[in-house]
Amino acid sequence: MATPTAASSDASPQRLAAIREQLAQLTAYLDPPRLEARVAELEREMGAPGFWDDQERAAAISAEHARAARKLEAYRALARDVEDLEPLAEMAQEDPDLAGELGEQIASVEGRLAQLEEERLFSGRYDAGDALVTVNAGAGGTDAQDWAEMVLRMQMRWAEKRGFEVELLEASPGEEAGIKSATFRVRGENAYGLYSAEKGVHRLVRLSPFDSAHRRQTSFAGVEVAPVVEDTGEIEIDEDDLQVDTYRASGAGGQHVNKTDSAVRITHKPTGIVVQCQNERSQSSNRATAMAMLRAKLAELEERKRQEEIAREKGEAQDVNFGSQIRSYVLHPYTMVKDHRTDFEMGDANRVLDGDLDGFVRAYLLHAANRS
């Protein structure tokens, strides 16, 4: 428990004023009356006759209602607790036994403020939806393929830690170790907005476990992120533009060997985009999933073009391509992970590789919001 002196410092007028200022900014952003009206409007739609006749639309409206209602209730609870802080601080001045309760309340308020403030960082068209994440091995041979598998594990672990649902759609193994490429889908609120911070090239420096001389090796892996586009009419695809190939999916062996050419690879000839899926048992299911992946990649391509156009209009030399190196992971001669866009860094590289990416992502999202 904090001492009375510490509590009084924790509840300084400056700290309480900062909390009030943060709440005021959050109130202006969320616009609670507008949010209340939207929740009421969605509830009316959900109560209308025949609402569930169109299952896809009904699911989208229900999901939006759940998000808006959760956000509104979180804001209301936070506003009530902020109002209670000053009376509690005054009481703690007279009763030191309340110091611990006051410290806990302030910490809770600040934590929830940070969570709700994260919402304002997602203003893009697809930010609130699911994400399709692809990891590709870059330069570096076997070391790069091993590194790509490490990056894949790191990205999937991060999703799981945030409570997202993760589904591996395709993985192409390397010749000796690791992977050449892999794609997984992340389902959860703001998944695309969050994973957008991971786009780019991830660089590893370490002593190579595949080199008999155990020399230092630099390897690269690229991360691509695309939004999952549920509205199939939003992205039009001409069947004549597609080259569809089938192949035998790799399996665990024995009774699990896939004896039919169920895996599907689709090449979009105008753009050169290639997608593949092998996680479903039937060729038709794999083709449907691959087409959804292709729509996501084409949506990302259009979004990238839009960002480039905005950058040109602003007169900025802005690199929004996948090729830019965003982060270095150094395991030798010291351990350090550093993001080159924000200078955010962590010394515990193993913790980062185990999926602790929140600090890097938040620093990037704040950096991007301040530039826009």
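Apart from its neighbours within four places in sequence, Thr134 is in contact (heavy atoms within 4.5 Å) with Ala182, Thr183, Gly222, Val223, Glu224 and Lys297. This is a predicted model, in which local features need pLDDT of at least 70 and side-chain atom pairs count only at pLDDT 80 or more, while totals for chains, interfaces and linings use all residues. Residues are numbered from 1 along each chain as its sequence is written, and side-chain values use heavy atoms, with hydrogens and water left out.

Thr134 lies in strand β1 (strands are DSSP runs of E with at least two residues, and helices runs of H or I with at least four, numbered from the N terminus). Thr134 is buried, at a relative accessible area of 5% (buried means under 20%, with a 1.4 Å probe and protein chains only). The side chains of Thr134 and Lys297 are joined by a polar contact of 3.0 Å (a pair of N or O atoms within 3.5 Å, of which, within protein, one must be able to donate a hydrogen and the other to accept it; residues adjacent in sequence count only if both atoms are side-chain atoms).

Strand β4 (residues 200–207) runs parallel to strand β9 (residues 325–330), and five bridges join them; Arg203 stands opposite Ser328 in β9.

Conventions:
Two strands pair if DSSP finds at least two bridges between them. Buried means under 20% relative accessible area, exposed over 50%, partly exposed in between (1.4 Å probe, protein chains only).
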